[in-house]
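Subject: Handover of a structure

Dear colleague,

I am passing on to you the structure shown below. Please read the notes that follow beside it.

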Amino acid sequence: MTGTDNGVRAARTPDPLPELTAAVSKDGYLLPHHRSFSSIYNMASKLYSYRWDEAYRQGREQAQAMRRDPYFRSLLQERLKPLARWPIDIKLVDEKQANDETEAIRNILLAIHGKTKRHKQQRYYLGNAIWYGRYGSQHTIEKRPVGGFMRWCTPKHSPINGDKIQLDWDGTYGVMINGTFQKDYPDVRIGDASAPVMMLSRPDVRQRFIIHEYDLEDADYWEADMAGRVGGIGLRDYCYWGWWLRDELISWIFSFMEKVGSMGILCFYYQAGNAEGKARAEKSAREVGNGNALSIPVPQGDPRVGSVELIPANVTGAQFLVDAITQWFERHIERLIVGQSMSGGADNDSGLGGTGRAEFAKDTKFQLLASDADDLAETVTADWLMPMQRLNNLGWGKYEFRFDLRVP
């Protein structure tokens with residue numbers, strides 16, 4: 001192979017590892033990811049299992065319960081809201097190429113972005129990849145007047161739940177659909193959730209979707225059902241067992257309170273063998289109404305016959321459970337999600353202002369938020385900005401979507 005590229009001589013060497021060509025995957029990897037596990041799921045459809053996430057692996061109801069827990073929702077809001085609040089911009093990657101034409105293209109791209117209704121809300125819900133590991137948005141592609149010309153824009157969009165987004169062995173994403181409509185789409189496969197998956201394999205289909213990923217992580221060799229986490233894993237996975245134990249402790253507390261109430265246990269004493277006294281004591285216990293009363297027989301001559309005694313509840317055990325929930329489980333979960341615990345007032349006797357510890361916590365949280373913004377900007381650049389630039393034939397300069405990250 002001869003010739004030059006910008007004055008640099010092209011490679012003369014043959015393709016590397018020609019004897020292993022059959023092993024190379026469609027996306028170019030010598031060791032395709034699905035081959036690195038003790039077993040392989042879905043040989044026919046070539047889709048990773050939908051159980052890539054620990055919460056979903058334990059049960060769909062468990063995963064949904066975590067999502068609807070207001071404690072997690074409050075923490076996630078601290079991570080997601082800045083994605084909708086920070087100003088955005090579109091920049092030319094190589095500033096050496098800047099000229100009047102590239103600046104005009106930049107302004108057109110910004111105007112096209114401005115045609116997207118509720119684009120702040122779109123950035124907000126795409127941030128839910130932090131929780132699920134992946135999250136999506138689909139948009140319409142329609143012509144709108146921009147800069148005196150009709151240009152392709154994305155005026156409407158709607159969210160796609162992260163658990164609907166599946167991944168095939170070559171890294172192509174798909175979205176679960178109702179089986180009634182699978183004949184309407186060109187590439188539909190059936191995964192191990194027994195649900196049809198519309199694959200985003202065609203470029204004209206893929207350009208209508210934004211798929212945002214969070215952490216990319218490989219699964220253990222012996223956990224082939226979790227291999228799909230290579231396409232994005234979220235904080236739900238890391239929080240699951242802490243949430244499960246926290247939930248168990250909360251149920252123990254309420255079970256204890258149900259048994260003893262806020263007062264304790266009322267004991268109605270009656271003389272053993274006295275049927276009339278027993279009936280009166282049982283009737284009085286039933287009338288207490290909360291189940292925290294007992295009728296207790298005592299020997300003849302016992303001074304407690306006919307009396308009522310309140311045995312106060314010992315809340316020491318319950319308080320220990322409360323402390324375990326708040327000081328261990330919730331504190332560690334909060335550190336994981338927002339990077340510090342001062343947002344909720346923990347470890348903050350003197351307030352946020354002025355102390356070195358508070359400043360450190362503030363900086364830690366900002367680094368998390370900035371990382372979220374950088375990741376989302378990269379996704380929007382690849383899945384929205386570049387397709388819009390191609391569709392509208394706006395030159396060959398490389399542009400990128402950016403957030404104006406301002407330290408709070």
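Glu 54, Arg 57, Glu 223 and Asp 225 are joined in a network of salt bridges. A salt bridge here is a side-chain nitrogen of Lys or Arg within 4 Å of a carboxyl oxygen of Asp or Glu. Side chains of opposite charge can pair when their charged atoms come close. A search of the whole structure gives 25 salt bridges.

Before the other findings, a word on the basis of these notes. This is a predicted model, in which local features need pLDDT of at least 70 and side-chain atom pairs count only at pLDDT 80 or more, while totals for chains, interfaces and linings use all residues. Residues are numbered from 1 along each chain as its sequence is written, and side-chain values use heavy atoms, with hydrogens and water left out.

Helices and strands are DSSP runs numbered from the N terminus (helices: H or I, at least four residues; strands: E, at least two). Buried means under 20% relative accessible area, exposed over 50%, and partly exposed in between (1.4 Å probe, protein chains only).

Individual salt bridges

Arg 79 forms a salt bridge with Asp 372, and their closest N and O atoms are 2.7 Å apart. Because Arg 79 lies in helix α3 and Asp 372 in helix α11 (residues 356-391), the pair ties together parts that are 293 residues apart in sequence. Arg 79 counts as buried, at 2% relative accessibility, and Asp 372 is buried as well, with a relative accessible area of 5%.

A salt bridge also brings together the side chains of Arg 51 and Asp 192, at 3.6 Å from N to O. Arg 51 is in the loop between β2 and α1 and Asp 192 is in the loop between β10 (188-190) and β11 (196-199), so this pair ties together parts that are 141 residues apart in sequence. Arg 51 counts as buried at 19% relative accessibility, whereas Asp 192, at 23%, counts as partly exposed.

The side chains of Asp 187 and Arg 189 meet in a salt bridge too, at 3.5 Å from N to O. Asp 187 is buried, with a relative accessible area of 19%.

Helix α3 and its neighbours

The axes of helix α3 (residues 70-85) and helix α5 (residues 119-126) come within 8 Å and cross at roughly 135°. That angle makes α3 oblique to α5. The axes of α3 and helix α10 (residues 316-338) come within 9 Å and cross at roughly 25°, which makes α3 roughly parallel to α10.

Axes are lines fitted to C-alpha atoms, for helices over the stretch in contact, and angles run from 0 to 180 degrees between N-to-C directions. Angles under 35 degrees count as roughly parallel, over 145 as roughly antiparallel, 65 to 115 as roughly perpendicular, and the rest as oblique.

The loop between β2 and α1

Asn 42 lies in the loop between β2 and α1, and Lys 46 lies in the loop between β2 and α1. Asn 42 has a positive phi, near 55°, in a residue other than glycine; for Lys 46, phi is positive and near 55°. Most residues other than glycine have a negative phi. Asn 42 counts as buried at 19% relative accessibility, while Lys 46 is partly exposed, with a relative accessible area of 42%.

Val 24 is placed in the loop between β2 (8-9) and α1 (54-58). At 36% relative accessibility, Val 24 counts as partly exposed. Together with Leu 20 and Leu 30, Val 24 makes a nonpolar surface patch of about 220 Å². Patches are made of residues with over 30% relative accessible area and no salt bridge, with like charges joined within 9 Å and nonpolar side chains (Val, Leu, Ile, Met, Phe, Trp, Tyr) within 5 Å. Accessible areas come from the Shrake-Rupley method with a 1.4 Å probe, and for residues only the protein chains shown count as cover.

Two pairs of residues

Val 146 is part of strand β5 (residues 142-146) and counts as buried, at 3% relative accessibility. From C-alpha to C-alpha, Val 146 and Lys 115 are 8.6 Å apart in space, and they are 31 residues apart in sequence.

Thr 381 is found in helix α11 and is buried, with a relative accessible area of 10%. Thr 381 and Lys 398 are 17 residues apart in sequence, and their C-alpha atoms are 9.9 Å apart in space.

With kind regards
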